[in-house]
Amino acid sequence: MQIVILAAGKGTRMKSKSAKVIHTLCNKPMIEYIIEESLKLTPHLDVILNHQFETVKSIVSKYPVNIIKQDLKNFPGTGGALKEVSFKEDKILVLNGDMPLIKAEELKKFESKNADIVMSVMKLDNPEGYGRVVIKNGKVKKIVEQKDANEEELKIPYVNAGVYLFKKEVLEKYLPKLSNQNAQKEYYLTDIIEMAVKDGLEIEAIEVDEENFRGINSKKDLAYAEEIMCKRIKEFWMQEGVIMHLPNTIFIDANTTFLGECEVHSGCVIKDSTIIESEIRPLSVIESAVIKNSGVGPMARIRPKSELIDTHIGNFVEVKASKLKGVKAGHLSYLGDSEIEEGTNIGAGTITCNYDGKAKYKTKIGKNVFVGSDTQLIAPVIIEDDVIIAAGSTVNKDVKKGELAISRAPLKIIKDFYYKFFGRRD
Ligand code: UD1
Ligand code: MG
């Protein structure tokens, strides 16, 4: 079987600057999902592109697929999209590229059929937006696009889901006969059905569900589909042994991996990360990080290029591009571009001042260091092992092993100043 994915359209209804098929579900472009599912069934995959060709191509070409550019100007429409494809296998499965929820096992149902055309039909309470399937005496007669449908046809609850298996000869015969005499002035692939019916070809309809076959045409469709995809991802990880508290409130993207027993609390967002035997407490945001045998949050933010091992990160702590091993940073800190070693305690309010307005600099802190609260570490700076930094210090020099660093303006105490300033209240 050869699979052709149609992804050249503008996606006008998305009202977006980006091409429709590169909008993401769970932080992964929608076109990638359908490509990955298709590749489970055949290595022979064509993807039709045109709108924002270079951008979409840069994503699609990660996969071993054949990219074809549609002549959108002269042959617009889902029928026009197939014009440049050479049909090499006997059976051609055509898929709309805007169906990211589709699974290989669903597509397999088409492959085993032998009719001239096998099409996908959904029965919907609200068929809005889809092409309607006209059925008479239990037989498919034609597909009418919403924009071309009359009042009677608009009431039909059966819609075309956008997956079709064609015998090669069927496409070769009917594609050149398509016309663009319709509301959108496009060559509709769906018009093949009516021509084939008139010629007495065998058409089989498979009933499918919207949970797997939803087409994404608007940002509203995108949001619904993302919810389904994110639920699938979370259910997969729960099955693998991850504990999730109120999973409906958790966002885990398609690029995150959990290893060992992990626990994720309500309201967390985790993207592009690897979480190993760790607990991510409520309302924490984690991006492009590796977290191993650690606890993070509540309300912590771990930003890209961070690696936490055997570490405790508490509330309102932000970590960026830092490697922390065996560290405790319990409260209200910013640790950026830093490397901190075992046994070190970072007091509340510690800030690595990593940016001077022009460039970023590193902070290195060794083992068993006690960083007192409200310390500013002005990078670049190196704190060796066994150092104490007194609370409230501004550290702008390296500190050697075993030393105390303390910067403190002497505290003045002036007797009865309050009363001189505000006066007596009685
Ligand atoms: C299409 C079907 C409709 C069906 C629905 C299911 C047609 C004419 N209509 O409508 O019957 O109910 O899907 O979701 O086929 N594309 C191209 N080149 C083009 C135009 C579109 O490659 O010139 C691609 C798009 O990028 C998209 C797919 O084809 O991935 C479907 O196009 P879209 O505009 O979403 O069609 P629908 O109006 O949803
Ligand atoms: Mg569509």
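On a 1 Å grid over the protein atoms alone, a pocket is an open set of points with protein on both sides within 12 Å along at least five of seven lines, and a molecule sits in a pocket if more than half of its atoms lie within 2 Å of its grid points. This is a predicted model, in which local features need pLDDT of at least 70 and side-chain atom pairs count only at pLDDT 80 or more, while totals for chains, interfaces and linings use all residues. Residues are numbered from 1 along each chain as its sequence is written, chains are lettered from A and ligands numbered from 1 in the order in which they are written, and side-chain values use heavy atoms, with hydrogens and water left out.

**View 1. The space taken by ligand 1 is the largest pocket.** Around ligand 1 there are 24 residues, of which L6, G77, T78, E145 and N160 come nearest (a residue is near if one of its heavy atoms lies within 4 Å). Sorted by class, this shell holds 10 nonpolar, 10 polar and four charged residues.

**View 2. Polar contacts of ligand 1 involve A8, N96 and N217.** Taking a polar contact as a pair of N or O atoms within 3.5 Å, a polar backbone atom of A8 is 2.8 Å from an oxygen atom of ligand 1, and a polar side-chain atom of N96 also lies 2.8 Å from a ligand 1 oxygen atom. For N217, an N or O atom in the side chain is 3.1 Å from an oxygen atom of ligand 1. The protein buries 91% of the 750 Å² that ligand 1 exposes when taken alone (accessible areas by the Shrake-Rupley method with a 1.4 Å probe).

**View 3. A cis peptide bond joins G297 to P298, with omega near 5 degrees.** P298 lies in the loop between β21 (295–296) and β22 (301–302), where strands are DSSP runs (E, at least two residues) numbered from the N terminus.

**View 4. The peptide bond between A379 and P380 is cis, omega being about 5 degrees.** P380 has its place in the loop between β32 (376–378) and β33 (381–383).

**View 5. E277, although not a glycine, has a positive phi of about 40 degrees.** The loop that holds E277 runs between β17 (274–276) and β18 (279–280).

Technical notes:
Polar contact = N/O pair within 3.5 Å; in protein donor to acceptor, adjacent residues only side chain to side chain. 1 Å grid on protein atoms, 1.4 Å probe; cavity = no way out; pocket = protein on both sides within 12 Å on 5 of 7 lines; lining within 4 Å. Nonpolar A, V, L, I, M, F, W, Y, C, P; charged D, E, K, R; others polar. Helix = DSSP H or I, 4+ residues; strand = E, 2+ residues; numbered from the N terminus.
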